[in-house]
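Visitor: Please take me through one part of this model at close range. After that, widen the view to the rest.

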Amino acid sequence: MTDSSPQFGGDPSGGDPPTDEFAQLDAERSFMLKRILHILLGLFVGFAAVDAVVAQVDASENEAEMELGHPLLSWTNTVDYHDPVLDRHHDRYGLRNREIEADADPTEVRIAGFGESRIYGAGEGVAQDDVWNHALERLLNANRRVPVRVLNGGVMGYSVAQSCRRAVLLLDALEPDLVFVTVAATPQALIEDPDLGGFVEVDGRFVSRAMAARWPEPLLPLVALGDAVLGRWSAIYTRHKNREVMQGDLPPFFLRWRYFGDPKGRDYLERCLQATWDSVSDLRTACEERGIELRFAILPDTEVATAERWKEWLQKNGSLWGLPADTQPERSIDALEAKLNGLGVETWNMTPEVKGMGKYFFQHYIRDDVHHWTPKGHQRVAEGLMRWLLKDGLLKRLTTERAANPRTQPFGPPPR
Amino acid sequence: MLFQSVEFLVFMAVLLPLFWALARRRGRRQALLLVGSYLFYGMYEAWFLTLIVFSTLLDYQCGQRIQTARDTGDRTSAKRWLWLSLVGNLGVLGFFKYTDWFFDNMQWVATALGSGVDLVAFKRSLLPDFIQAGYANTLTPEIVRDIVLPVGISFYTFQTLSYTIDIYRGKLKPARSFGDFALFVSFFPQLVAGPIVRAAEFLPQLDLLPRIDRQRLHEALWRIGCGLTRKIVFADLIGLYLVDPVFNDPLAYSAEVHVLAIIGFGFQIYNDFAGYSEMAIGVAKLFGFDLPENFAYPFRSISVREFWTRWHMTLSFWLRDYVFQPLGGWRSKMPRAAFNNIATMVLIGLWHGASWLWVWYGLVNAIAMIVEVQWRQWRKKRARAAGVKFELAQPGTLAWWIKAAFAYPYFIVIVFGSSASIRAGTWETMGNMFLRAGDKGIESLSVWALVVFVGTWALILLPRSWVDFTHRLVHRAPTWLVAVWLGTMVAVTALLLIGQQPFIYFQF
């Protein structure tokens, strides 16, 4: 198209504005093109100044207890992390237990539990020794010759899919006799967006799946490079990247899929659930290959703990999910159990423990938190787990089998 | 793409220098802007482009034909072409915006009459897949839309209609070229959320060489920085920490918190929309274009009538000029004048959204305005009867302050109360917000909620002289310093960005 093209209002006679107007435009154009450089420089300086402050703030905080940007898990516990104030300590595998000695007994029975923040032991006033795994160790080892070690693989914010993937990663290093993963019939536990979480590898670099989805494929190497450079130099960018990797800090997880920019419907929800079931199946396969017992511990959240809480939850959420007013919580728990059994895994239904804890609610749940357990709550959970371990001679069988097949090394190296 | 995104920064970094490099050549710079605008819009959804192109083609043709008919004195033909423009544009807008509502209402009627027919399922079976959304309206998550609402359709439809109507009225000549008209419709700074620009305001600017000088450049950067801050800091934060928690769970919070949240929503929508408008005006200025102002300190009004001359001015003036005045406006005698006002305000409500709550919103404001007009008429009559000249109190005088002291609370109740219905989204939530309350008091709110709330009030009450002083400082400062300030604002807003929250008015 030329200047005189009729599509853009060009004067077919070819008339131009007067020369002095052009001269003024040339002066202003030259002014603007130079100023664009000033603007870009000024933007950079202003941004960099704030970024430097953010970098200082982030550096001065205690080393983060979570390692963000994990290529396969999105985030995980930082290894060898120690917070004496909150009494939180991670061993060399990022598990929340006392450091594992180099000469561990190869015949010890090992139980590894995976899950989210409740399993991790989050919440105010919960010291390391209060957490369920230490409580369970004390219970189990009270009258035993062969020690039992209970490993805490919980990570805050995890879904069931993440817990399963983490368990798979650690199986060879830990060589457990039994693995259990806690699961609840909640959106955080079950809804895992297969497109958002995780990373894709581009030219040897890991780029978040969400970012990769936003750019055309031919540009991905450039995007990966930009991501690496900005991640290295910009604290603000790193914060956003980490937040995106953690799938955002949006309002309640079970609504998060409805707040996405793109419209998503029921089939999207089905895909998210399927991602969870696939992770369960992957873990089952990995355990079968290694001869490791696997259980899924159904541990409902607090809305099930008391009748009043259930009624309140139903009032707030019932219409959202199309639930009748007389819906009982067991309906979702039974459905979940049936689904897991259908996937070929055995389940431990710990609803009685949760309801028992509900009878003296604030003894077992942290006030103003109402999701995480107090030390007494951890003790109660540990007792429930012990009940399942002792049922049908499971623990006895594990002990006998391990004695017949001692490990060839105390512990394997931590996975990369 | 959103203004507050990395993609937009890259977009501007390429487009702006290119534009000024080509500034001498009218055709090339217009073509560049048009391509850039279509690219900007197409990044939302590529198929949205078909609608804006359809609207552009239709109204360009209609405009030409109307002018030809006027030139030959054929008013019938001119009217016919105008009707084609109205039906075509409003038909498309009506389909995307009101079909869901229509079927929901028909379903309600059918169910009330005892029929088992599922009209909503029938509607879904008729719609092609790519039009179907199945997403929740982000402002009121309970409302699920079936049909995607193309971003900006409410805005550009009114823009193109103003073109054909003004040609019909003889107030405007058709655009010099199709390219000019296409650029008027799709100019990216104001395409998706206004200001609604009239052709008479925009087209003449295309005939002039673009202008930029230090003052305009600094003004542009200032507007962009202020707009970004209002959107991210004031609007998003008050939404996150005050409005959303309370509106999503009204039964938990006390009455005082409800009041704060209702006013907070008014602040949120004001800063969100005014922020976008400021950015649009600033970005347009970088290309040498002037867009009309959309807000003039609306919360300094002391009457609902005054509010609507300061709030979303381009929309209210559009409806005044093309609906209210042609119906007779206030010149008509009551009750006709009341009807004119109610019709216009209900249309304002429905322009925002397809819901009875929007109708309610328009109705409440209309009734308040009628009451104000009647009150003034009554005072005029009394003054006449007493042989005294009726004069309005001048702002700043004692009489004005006394009037404001009584009028302002009423204004707050009407304006904030009616807009709360928008956020409530359902009658049930509205009832819970206004009639029921829980126990959690102000102490349960985040401190950020209160900081932003108080901060917004402070900005509203800022004296004009302070604002003017700041503008003078900005105009005199070196460009790099203004850019450093903008860079810090960009960084602060980047820190606070809660994901990429779209502008609230995108969903209108």
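Guide: Start at Ser316(B). Ser316(B) sits in helix H13 of chain B, residues 313-327. Helices here are DSSP runs of H or I with at least four residues, strands are E runs of at least two, and both are numbered from the N terminus. The model is predicted: local features need pLDDT of at least 70, side-chain atom pairs count only at pLDDT 80 or more, and totals for chains, interfaces and linings use all residues. Residues are numbered from 1 along each chain as its sequence is written, chains are lettered from A and ligands numbered from 1 in the order in which they are written, and side-chain values use heavy atoms, with hydrogens and water left out.

Is Ser316(B) buried or exposed? Its relative accessible area is 9%, so Ser316(B) is buried. Buried means under 20% relative accessible area, exposed means over 50%, and partly exposed lies in between (1.4 Å probe, protein chains only). Which residues does Ser316(B) contact, leaving aside neighbours within four places in sequence? They are Trp308(B), Trp311(B) and Ile348(B). A contact means heavy atoms within 4.5 Å.

Stay in chain B for Ile165(B). Helix H6, residues 153-168 of chain B, holds Ile165(B). Ile165(B) has 12% relative accessibility and therefore counts as buried. Not counting residues up to four places away in sequence, Ile165(B) touches Leu82(B), Leu86(B) and Tyr322(B).

Now chain A. Its secondary structure comes to 16 helices and 11 strands. Chain A has 416 residues, and 49% of them are buried. Among its contacts with a separation of 6 or more, 70% join residues 24 or more positions apart. The accessible surface of chain A is about 20,200 Å², and carbon and sulfur atoms hold 56% of that. Such areas come from the Shrake-Rupley method with a 1.4 Å probe; for residues, only the protein chains shown count as cover.

How far can the coordinates be trusted? Chain A has a mean pLDDT of 82, and 84% of its residues reach 70 or more. In residues 1-7 of chain A the pLDDT is below 50, and this stretch has 15 contacts in the model beyond near neighbours in sequence. Residues 248-264 of chain A also stay under 50, with 33 contacts beyond four places in sequence. pLDDT is the predictor's confidence in each residue, from 0 to 100. Where it is low, the predicted coordinates should not be read in detail.

On to the surface. Leu219(A), Leu222(A), Leu225(A), Val229(A) and Trp233(A) form a nonpolar patch with about 530 Å² of accessible area together. Patches are made of residues with over 30% relative accessible area and no salt bridge; like charges are joined within 9 Å, nonpolar side chains (Val, Leu, Ile, Met, Phe, Trp, Tyr) within 5 Å. Val229(A) is partly exposed, at 43% relative accessibility.

Next, charged pairs. The structure holds 36 salt bridges over all chains. Each is a side-chain nitrogen of Lys or Arg within 4 Å of a carboxyl oxygen of Asp or Glu. Glu108(A) pairs with Arg110(A), with the closest N and O atoms 2.6 Å apart. Both Glu108(A) and Arg110(A) are buried. Glu116(A) and Arg118(A) form a salt bridge at 3.0 Å, N to O. Glu116(A) is buried at 10% relative accessibility, and Arg118(A) is buried at 3%.

Glu353(A) and Arg387(A) meet in a salt bridge at 2.8 Å, N to O. Glu353(A) lies in helix H13 (residues 351-359) of chain A and Arg387(A) in helix H15 (residues 375-390) of chain A, so the pair ties together parts 34 residues apart in sequence. Glu353(A) is buried at 8% relative accessibility, whereas Arg387(A) is partly exposed at 38%. Salt bridges with shared partners also join Glu293(A), Arg295(A), Glu346(A), Arg397(A) and Glu401(A) into one network.

Last, the cysteines. A disulfide is a pair of cysteine sulfur atoms within 2.5 Å, and the count over all chains is 0. For Cys164(A), the closest cysteine sulfur is in Cys287(A), 9.0 Å away and too far for a bond. Cys164(A) is buried at 1% relative accessibility. Cys287(A) is buried too, with a relative accessible area of 1%.
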